Amino acid sequence: MGSIRPVLIACCGNADGGDDAFGPRVAAALRDHARCCQALADADVADLGSRPWELLDHLPGRRCLLLVDAAVLPDARPGRLLEFEWFDPARPPLVSETLLSTHALGLTQQLALAAMLDLLPDAVHLLAVTIRSATPGREPSSAVLAQVQPAAQRARELVRAWSR
Amino acid sequence: MSDSNSSLEARTIRVAALARVEGEGALHLTMHNGQPQDVRLEIYEPPRFYEAFLRGRDFREVPDITARICGICPVAYQMGSCHALEKAMGVFHQIDPPIRALRNLLYCGEWIESHVLHIFMLHLPDFLGYESVISMAADHGPTVRQALRLKKLGNALVCLLGGRAVHPVGVCVGGFYSAPAEAAVRELLPEVHACLDEMCELTLFLAEKLDYPDLERDYEFVALQPDDEYPMNLGPIASSKGFRVDQEDFLEVMEERQVPHSTALHAIIKGRGSYMVGPLSRLNLNWMRLHPRAAELLPKVCQAIGHELPWRNNFLSLPARALETVHALALAADILESYRVPARSSVPVEPRAGIGGHGTEAPRGICWHQYRTNADGTIAQARIIPPTSQNQGTIEADLRDLAAQLNDLDDETASLRCEHLIRNYDPCISCSVHFLKFDRQWV
């Protein structure tokens, strides 16, 4: 078995769920960039889709974790890119933990369980985009799609910073 | 989490949101003079439109689309849609035995992952008196780590055949887009054997160390009942109360109806009433077809819990799931050991007008699909009956029986007991919804 890369970028969201497709779109953008340009040598990209409870499978051996998801802020303009430390109290609620299916072992619970089992990475960071709706069967809005490449670029910057 | 008002005569317990259950749901229980007056399990999940937006889609798109109905059991939706569409296209009986074996292997992966997640992360905390798996892990870290290892293996099996664990993409009508290399298959075998041994020990632990609440009812158990294997993908549909029908005739014996307090339809057996699907039904109807590794555990489990089969207490769904996990691991080992790359990974399927109905055994019970196709292979009509909607009526009946035992309990404890009972069914609420009425009146 190969060595584990120190950074995990875990993208959550329903690819068929309107703006909730943000996470999978960022995962695809990161993979496309790695194919044509420079691979993220120190990071793995995991598209968890609408199964965020798979995060625990990917955590062992990771030093840093970047989560990418859609955020639910009713008063916010859709298409704002937000960045938080995961344990920041001001962190917004995420779609993967609210409207669409989680198994109650959402990201928060998994990270708490990871801490209990000594699996929690040293750094846990969130990139999220504010959305209007996560309706199944719809395409993401243009406002959210416009943030996919900036989010992927920011993810690459964070990986480089963590790799130093 | 809960609120109540009490008086000398009436007591209302509301659980505003059910924890550790897929999707969203709530319970309303009103008791009067110690007897249940009103029992409602309310589903307030946003409605899903899958049956509607499948119309007009090419039949080849259906497995990938239906896989997204449920994040927990995508394989179940893919298998149901594939088998039903293969019937519509007239190729059902042409599926090669090696492809059928790979489908069973794929299902083994899903059962392992889903059952282990439910047993150890969602249900076991109830039995051990913990609020969640997080607090449980503080005292039972090794057990939780074992569970994570088992769950990861289940995902690895799904990934082997499905291309990935999350929304597998390797499944197609007719079989699989490709078959795995023998080297990739062999690589998993040591872990399967190791996990099998661990799960046997864990199954005995669950039987010997847990206290199971006593709530027996005269259920009608419904499950697939093939002649020669424990049910997963194939077999007629049978009931403990006397019917045994071909898959296509399932709608002759059951019907769905809408209830005002839920966006999920309730299913009944015509002329009778609610019924149960899931691990307890499968085990009660098919225990004699368990893999030998699971079959040899069965008498020890029965002795430990003090009940011979049939089990009529759905709190025993937990050891039933554990036995099924052993079965799935052992079956997976057999399939992996005998695997050779098949001559073809799928059979050719030509579009035609047709109709086909088929159900497979999702971890939570029968998930039944029916499709009518146009001559060009597009979907004219789709109908999907998930297991959780089939269990809705039975869950409410269980709660009605439980209610009489709650009189001497404080409201918070009573609420937790109700939640514990509902979790017996491992309800997958987010996929059990047809759009008929949207109710947001829970407070």
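## A buried pair in chain B

Are Arg282(B) and Glu324(B) buried or exposed? Both residues are buried in this predicted model. They also pair with each other. Arg282(B) makes a salt bridge with Glu324(B), and the closest N and O atoms lie 2.7 Å apart. Arg282(B) sits in helix α9 (residues 279–286) of chain B, while Glu324(B) belongs to helix α12 (residues 317–337) of chain B, so the bridge ties together parts 42 residues apart in sequence.

Chain B holds another such pair. Glu86(B) and Arg103(B) meet through their side chains in a salt bridge, at 2.5 Å from N to O. This pair links distant parts of the chain, 17 residues apart: Glu86(B) is in helix α3 (residues 74–88) of chain B, and Arg103(B) is in helix α4 (residues 97–128) of chain B. Glu86(B) has a relative accessible area of 0%, so this residue is buried. Arg103(B) also counts as buried, because its relative accessibility is 1% and the cut-off is under 20%.

Over all chains, the whole structure contains 25 salt bridges. In general, side chains of opposite charge can pair when their charged atoms come close.

One salt bridge in chain A joins Arg25(A) to Glu139(A), with 3.3 Å between the closest N and O atoms. Its partners are 114 residues apart and link distant parts of the chain: Arg25(A) lies in helix α1 (residues 22–36) of chain A, Glu139(A) in the loop between β5 (123–130) and α4 (142–145) of chain A. Arg25(A) is at 31% relative accessibility and therefore counts as partly exposed. Glu139(A) is at 63%, so this residue counts as exposed. Chain A also has a salt-bridge network, which links Arg5(A), Asp44(A) and Arg62(A).

## Gly393(B) and its contacts

Gly393(B) is part of helix α13 (residues 387–403) of chain B. Its relative accessible area is 17%, so Gly393(B) is buried. Leaving out residues up to four places away in sequence, Gly393(B) touches His266(B) and Ser274(B). The C-alpha atoms of Gly393(B) and Leu41(B) are separated by 8.9 Å, yet these residues are 352 residues apart along the chain.

## Helix α6 of chain B

How far apart are the end C-alpha atoms of helix α6 (residues 141–162) of chain B? They are 31 Å apart. At 1.5 Å a residue, the 22 residues should span 32 Å, so the two values agree. Gly163(B) follows α6(B). The phi of Gly163(B) is positive, near 90°.

Conventions: Residues are numbered from 1 along each chain as its sequence is written. Chains are lettered from A and ligands numbered from 1 in the order in which they are written. This is a predicted model: local features need pLDDT of at least 70, side-chain atom pairs count only at pLDDT 80 or more; totals for chains, interfaces and linings use all residues. Side-chain values use heavy atoms; hydrogens and water are left out. Helices (H or I, at least four residues) and strands (E, at least two) are DSSP runs, numbered from the N terminus. Buried means under 20% relative accessible area, exposed over 50%, partly exposed in between (1.4 Å probe, protein chains only). Contact means heavy atoms within 4.5 Å. The expected span of a helix is 1.5 Å times one less than its number of residues. A salt bridge is a side-chain nitrogen of Lys or Arg within 4 Å of a carboxyl oxygen of Asp or Glu.
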